[in-house]
Every structure is written in structure tokens, then in C-alpha cells.
Amino acid sequence: DPQKAAFLLRKQWTLYSVSPLYGFSNAHLRGYARLLSASIAAEKQRGLAVEIGVELGVKVALSRILELKSSECDQPAILVQISSRSRASQKNSEEKLIWSGCFCSVSGDELSENLPEGFTCLPLFLVNGTESYTSMVGSWFQKTFDCCFRRLAISPLNLSWMAAMWTGCNVDKTLSAMELVFSVPCLPQPLDISYAIHPEDAKALWETVQNTPGEITQEDVDVFMDCLYSHFHRHFKIHLSAAKLMKVSTAIASAHSDGTIKFLHSQYLTGVLMLLTELAIAQIQ
């Protein structure tokens with residue numbers, strides 16, 4: 001459902017992997033929201049006691065998103081939203097959304113199948129908001145459900161896979177160039193190289209090097225990237241293979257090695273989340 005997924009699109013999300021949550025229940029989301037709200041208010045007031053349920057100026061809401069699943073075996077995604085109301089404003093004034101987080105597991109069966117009773121598998125956590133709220137939310141979840149949060153970086157190898165996979169997707173809207181950003185090592189001053197390829201040229205190249213339609217192998221990805229490197233060297237005499245791939249941008253999504261991503265196309269949202277879930281599970285294990 002494009003409307004249900006719209007909140008994920010065109011925002012920059014920071015990626016985290018999360019170990020299984022112990023004692024978590026979808027039936028208690030409203031209670032979790034009240035406890036988390038009180039915890040954030042207490043933290044903002046430097047540890048002073050806060051009564052649960054009073055007006056705190058910060059409101060936390062937890063809700064399920066049933067659409068972010070690839071099968072019935074997947075856990076429903078959990079959306080965490082923090083809203084704020086100015087102290088000077090009236091009680092019924094409009095609230096402003098200041099932070100969002102989303103736990104999800106798209107095709108996360110590999111981890112959930114072997115979990116002991118009482119654990120819930122939601123290995124991927126997406127964050128849009130300030131680091132201060134991320135720290136407070138993460139701390140509360142870790143203490144409450146005995147889990148662990150870790151930043152999820154994206155390796156150059158995985159970025160090259162994303163470049164190949166997303167290039168092969170059919171996009172029924174205005175085409176945008178595929179852009180690869182490389183960082184050149186061992187220089188006194190930082191130097192980045194941006195390499196933009198027309199999407200139709202990139203797709204034609206991918207269809208040429210892909211051995212089996214519908215399947216992607218490491219050999220296919222290596223040949224695809226080598227062809228791009230050779231073309232760049234022929235024009236600029238620079239060996240991109242000696243640089244580090246830092247960012248990939250296509251019409252499907254934009255991903256950075258520091259573990260940030262921007263979803264740009266709702267049709268392929270589940271597929272991108274499936275890949276990110278796989279990376280999160282690999283980091284946990």
C-alpha cells in the first residue's frame with residue numbers, strides 16, 4: 001500500500017541492527033508508549049522523577065505496520081513516533097512529529113526460526129531524527145527487552161550489489177542517473193570522485209553481463225563494476241578500483257557506507273528492506 005509506506009519515502013534513515021527482544025508483545029504497545037514517554041521526560045529533566053500519564057510535553061506512540069512484510073511468517077513492523085508540543089501552547093494544539101523509528105523484519109525467517117520462546121525477531125531498526133532521541137529510545141529498549149543496538153554500516157561490496165540490483169529494476173517514472181561516489185585514500189586532503197551513468201546505459205550494461213535473467217551472482221556484479229571502472233579509466237586515466245565505494249544512488253534508493261539510506265520508490269521498498277534485514281541479521285550473528 002503506497003500510502004502506508006509513504007512515511008518511509010524520501011527521508012534519510014540511519015540503520016541499526018537489533019538483537020532479538022525478550023518479553024516483547026504486540027498487545028502491550030500502548031503501555032510501552034507510556035513508559036517510554038515517561039523515560040524520555042525523566043531523561044530530559046536530568047533524572048528527576050516523572051509520574052507516568054501526566055502531560056509531559058513529549059508524546060510517544062507505538063503502532064504496527066502490517067504492510068511491511070514479505071510473508072505471513074514475518075513479524076509486523078513496529079513504528080515508534082515521538083511528537084512534541086510547545087509548553088506555551090494550549091493542551092489541544094497540534095503536535096509536531098520530531099523523531100521516528102521503525103523496527104522491521106522482512107524475510108527474517110533465518111533468525112526467527114531458531115529463537116527460544118519469549119524472543120521477538122525485529123533485526124532492522126530505521127531511525128529518522130536526532131541522535132539524542134535515538135540514544136534515549138535505544139537505551140530504554142535495551143534495558144526493557146534485554147537487546148542490543150549496533151550501527152549498521154554498508155560495505156563497498158554490498159554497495160556494489162545494490163548498484164547492480166537496482167540498475168536492473170524497471171522504473172516507470174522519470175529516469176534519474178545512477179551515481180557512484182568514491183573516496184580516494186592516502187591523500188593529505190579528502191577527495192571524493194562522483195561517477196554518474198545514464199540509467200539506460202547502466203541497465204543495458206547490466207543486461208549484457210548478467211548470465212541468468214532473474215538471478216544475480218558475485219561474478220555478475222564483479223564484471224558489471226569492472227566494466228564501469230574500465231570506461232572511467234579510458235576517459236580520465238583514474239583507477240576507481242583503487243578507491244573506496246562510499247555511496248550508490250539510483251531511482252530505487254540512495255545508500256551510503258556510513259549506514260544511511262533514502263528510499264525513493266515505493267514499488268521496490270519491500271525488496272530493499274529485505275536486503276537490509278539480511279545485512280542486519282548477518283551483523284547480529
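This is a predicted model: local features need pLDDT of at least 70, side-chain atom pairs count only at pLDDT 80 or more; totals for chains, interfaces and linings use all residues.
**Entry 1: domains**

I looked up the domain assignment first. It gives the protein chain a domain 1, covering 6-151, and a domain 2, covering 156-257. I then took the spacing of the two, and the C-alpha centres of domain 1 and domain 2 are 34 Å apart.

**Entry 2: α2 and α4**

I turned to helix α2 (residues 29-44) and helix α4 (residues 131-145). Their axes come within 10 Å and cross at roughly 125 degrees. The crossing of α2 and α4 is right-handed.

Which residues of α2 and α4 meet? On the α2 side I listed Tyr32, Leu35, Leu36, Ser39, Ile40, Glu43 and Lys44. On the α4 side I listed Tyr133, Met136, Val137, Trp140, Phe141 and Phe145. Sorted by class, the contact of α2 with α4 has ten nonpolar residues, one polar and two charged.

**Entry 3: α6 and α7**

Next I checked helix α6 (residues 199-209) against helix α7 (residues 218-236). They pack at an angle of about 135 degrees, and their axes are 9 Å apart. That makes α6 oblique to α7. I recorded the crossing of α6 and α7 as right-handed.

From α6, the residues in contact are Ala202, Leu205, Trp206 and Val209. They meet Asp220, Val221, Val223, Phe224, Cys227 and Leu228 in α7. I sorted the residues of the contact of α6 with α7 into nine nonpolar, no polar and one charged.

**Entry 4: α5 and α8**

I then looked at helix α5 (residues 156-167) and helix α8 (residues 269-284). Their axes are 12 Å apart, and the packing angle is about 160 degrees. This makes α5 roughly antiparallel to α8. The crossing of α5 and α8 is right-handed.

I wrote down the residues that make the contact. Helix α5 gives Asn158, Met162, Met165 and Trp166. Helix α8 gives Val272, Leu275, Leu276 and Leu279. The contact of α5 with α8 has seven nonpolar residues, one polar and no charged.

**Entry 5: aromatic rings**

Last, I went through the rings. How many aromatic pairs are there? With ring centres within 6.5 Å as the cut-off, the count comes to 19 aromatic pairs.

I followed up one of them, Tyr16 with Phe125. I then located both residues. Tyr16 is in strand β1 (residues 12-18) and Phe125 is in strand β7 (residues 124-128), so the pair ties together parts that are 109 residues apart in sequence.

Technical notes
Residues are numbered from 1 along each chain as its sequence is written. Side-chain values use heavy atoms; hydrogens and water are left out. Domain bounds come from an automatic or database domain assignment. Axes are lines fitted to C-alpha atoms, for helices over the stretch in contact, and angles run from 0 to 180 degrees between N-to-C directions. Helices (H or I, at least four residues) and strands (E, at least two) are DSSP runs, numbered from the N terminus. Angles under 35 degrees count as roughly parallel, over 145 as roughly antiparallel, 65 to 115 as roughly perpendicular and the rest as oblique. A crossing is left-handed if the near helix is turned anticlockwise from the far one by less than a right angle, and right-handed if clockwise. Contact means heavy atoms within 4.5 Å. Ala, Val, Leu, Ile, Met, Phe, Trp, Tyr, Cys and Pro count as nonpolar, Asp, Glu, Lys and Arg as charged, and the others, Gly among them, as polar. Rings of Phe, Tyr and Trp (its six-membered ring) pair if their centres lie within 6.5 Å; planes under 30 degrees apart count as stacked, over 60 as edge-to-face and the rest as tilted.
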